[in-house]
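I opened this notebook to record what I looked up in one protein structure. The entries are set down in the order in which I made them.

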Amino acid sequence: MDRIRRAQDSQTFGRMLRDERRALGKSQDDVATAVGTRRQTIADMENGKNVGSHIVFAALAAMGKVVAISDARPDLETMRAMLEASDG
C-alpha cells in the first residue's frame with residue numbers, strides 16, 4: 001500500500017507534488033505538457049502559489065496520483081489502520 005502523506009497548506013502540498021514528480025523522474029515540462037499548461041504554472045503550484053483546481057487535478061492525474069480526504073483528527077481505529085498501512 002502507498003505511504004500516506006498529509007498536507008494542510010499549499011506550501012506543503014506543493015513540496016509533496018515536487019517530491020512525487022521527481023521520484024517519478026518527470027520534469028516540470030513533462031507534467032506541464034501532459035496537463036496542457038506552461039511549465040511556470042507547475043513551478044508555481046510546487047511553490048504553493050494559487051493555481052486553478054483543474055490544474056492541480058490534471059497534474060496529479062499526469063503523475064498517477066489521486067486526492068484522498070481524511071479527517072484531520074481521526075478516531076483510534078482509523079489511526080491504527082493508517083499506521084498499519086504505512087508500516088507496509
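**Entry 1. Basis of the model**

I noted that this is a predicted model, in which local features need pLDDT of at least 70 and side-chain atom pairs count only at pLDDT 80 or more, while totals for chains, interfaces and linings use all residues. Residues are numbered from 1 along each chain as its sequence is written, and side-chain values use heavy atoms, with hydrogens and water left out.

**Entry 2. The whole protein**

I looked up the secondary structure and found five helices and zero strands. Helices (H or I, at least four residues) and strands (E, at least two) are DSSP runs, numbered from the N terminus. From that terminus on, the elements run α-α-α-α-α.

I then looked up the extent of the protein: its C-alpha atoms fill a box of roughly 45 × 25 × 15 Å, taken along the principal axes. Of the 88 residues, 28% count as buried. Buried means under 20% relative accessible area, exposed over 50%, and partly exposed in between (1.4 Å probe, protein chains only).

The protein exposes about 6300 Å², of which carbon and sulfur atoms supply 49%. Accessible areas come from the Shrake-Rupley method with a 1.4 Å probe; for residues, only the protein chains shown count as cover.

**Entry 3. Helix 2 against helix 3**

At what angle do helix 2 and helix 3 pack? I found about 110°, with the axes 8 Å apart, for helix 2 (residues 28-35) and helix 3 (residues 39-46). Axes are lines fitted to C-alpha atoms, for helices over the stretch in contact, and angles run from 0 to 180 degrees between N-to-C directions. Helix 2 and helix 3 are therefore roughly perpendicular (under 35 degrees is roughly parallel, over 145 roughly antiparallel, 65 to 115 roughly perpendicular, the rest oblique).

The contact (heavy atoms within 4.5 Å) is made by Gln-28, Asp-29, Val-31 and Ala-32 of helix 2 and by Arg-39, Ile-42, Ala-43 and Glu-46 of helix 3. By class, I recorded four nonpolar, one polar and three charged residues there. Ala, Val, Leu, Ile, Met, Phe, Trp, Tyr, Cys and Pro count as nonpolar, Asp, Glu, Lys and Arg as charged, and the others, Gly among them, as polar.

**Entry 4. Helix 2 against helix 4**

I next looked up helix 2 with helix 4 (residues 53-62), which pack at an angle of about 115° with their axes 9 Å apart. Helix 2 and helix 4 are therefore roughly perpendicular to each other. Val-31, Ala-34 and Val-35 of helix 2 meet Ile-55, Ala-58, Ala-59 and Ala-62 of helix 4 in this contact. By class, the contact of helix 2 with helix 4 has seven nonpolar, no polar and no charged residues.

**Entry 5. Two residues of helix 3**

Is Glu-46 buried or exposed? Glu-46, found in helix 3, is buried, with a relative accessible area of 4%. Leaving aside neighbours within four places in sequence, Glu-46 is in contact with Gly-14, Arg-15, Leu-17, Arg-18, Arg-21 and Gln-28.

Met-45 also lies in helix 3 and is buried, at 5% relative accessible area. With the neighbours within four places in sequence again set aside, Met-45 is in contact with Gly-14, Leu-17, Val-51, Val-56 and Ala-59. Met-45 and Leu-17 are 28 residues apart in sequence and 8.3 Å apart in space, C-alpha to C-alpha.

**Entry 6. A residue of helix 1**

Arg-22 is found in helix 1 (residues 10-23). I recorded Arg-22 as exposed, at 54% relative accessibility.
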